[in-house]
Amino acid sequence: MNRTSTRITITAALLLATSTTLLAEEDGGQPGAMLDWSVGARAVAMGSAFTATAEGPTGSWWNPAGIAQSKQDAFEMALRKMSFDRQAGYVNYIHPFGREEAAMGLSWIYAGVGDVFARDIDGEIGGTISDYTNAFAFTFARRFTERGAPTAMSLGVNLRYVQHNVANIDAYTVGFDLGAQLKHRMLKRG
């Protein structure tokens with residue numbers, strides 16, 4: 001086999017592999033896609049670059065270890081109404097345990113749409129359906145360095161329960177996130 005035929009064979013094989021992969025994919029969406037939207041005003045303002053900072057009530061969605069830096073109880077919530085009767089919202093609460101250098105958080109995210117007309121195979125309207133997702137999370141984080149130390153290290157875990165309902169068909173899943181955070185503070189001289 002000469003070089004030209006080898007290149008043609010390799011190119012044809014790559015095109016065939018790519019085209020079969022593209023043909024096999026369907027645009028059915030992504031499970032838990034609503035968990036990808038940015039939670040928290042500060043995180044959104046930072047362009048969703050919040051994983052390293054991850055503090056405050058919504059920090060548990062970005063990096064569960066971040067809430068260990070909290071010094072007081074905090075609560076945050078939002079509701080977003082969108083076109084086509086869609087809604088999305090969240091509620092987050094964190095509670096630090098002072099001397100233990102730890103914190104826990106509770107969170108709920110909701111996204112959904114209701115009263116969408118259902119149609120049969122002939123296109124006739126047959127009633128209404130809804131589509132909604134709820135995600136509940138419990139977060140625990142612990143700091144492993146003393147408060148005020150130049151370097152702060154914390155670890156956290158986020159346990160999630162996600163429930164999705166489309167046209168009265170339910171799906172449930174459980175998942176977890178592990179997070180670590182290491183912050184170094186420059187000390188002022190003199």
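The average pLDDT of the protein is 78, and 75% of the residues reach at least 70. Among the elements, strand 2 (residues 86–97) has the highest confidence, at a mean of 89, whereas helix 1 (residues 3–24) has the lowest, at 57. Over residues 19–28 the pLDDT remains under 50, and the model shows zero contacts beyond four places in sequence for this stretch. Where pLDDT is low, predicted coordinates should not be read in detail.

On the surface, a nonpolar patch is formed by Leu-106, Phe-138, Phe-140, Leu-159, Phe-176 and Leu-178, which together present about 610 Å² of accessible area. At least two residues of this patch come from strand 4 (125–143), and at least two from strand 6 (169–184). Leu-106 belongs to strand 3 (residues 102–119).

Val-166 lies in strand 5 (residues 151–166). Its relative accessibility is 36%, so Val-166 is likewise counted as partly exposed. Beyond its neighbours within four places in sequence, Val-166 makes contact with Ser-130 and Asp-131. Val-166 and Ser-130 are separated by 36 residues in sequence, yet their C-alpha atoms are 6.0 Å apart in space.

How values were computed: Residues are numbered from 1 along each chain as its sequence is written. This is a predicted model: local features need pLDDT of at least 70, side-chain atom pairs count only at pLDDT 80 or more; totals for chains, interfaces and linings use all residues. Side-chain values use heavy atoms; hydrogens and water are left out. Patches are made of residues with over 30% relative accessible area and no salt bridge: like charges are joined within 9 Å, nonpolar side chains (Val, Leu, Ile, Met, Phe, Trp, Tyr) within 5 Å. Accessible areas come from the Shrake-Rupley method with a 1.4 Å probe; for residues, only the protein chains shown count as cover. A salt bridge is a side-chain nitrogen of Lys or Arg within 4 Å of a carboxyl oxygen of Asp or Glu. Helices (H or I, at least four residues) and strands (E, at least two) are DSSP runs, numbered from the N terminus. pLDDT is the predictor's confidence in each residue, from 0 to 100. Contact means heavy atoms within 4.5 Å. Buried means under 20% relative accessible area, exposed over 50%, partly exposed in between (1.4 Å probe, protein chains only).
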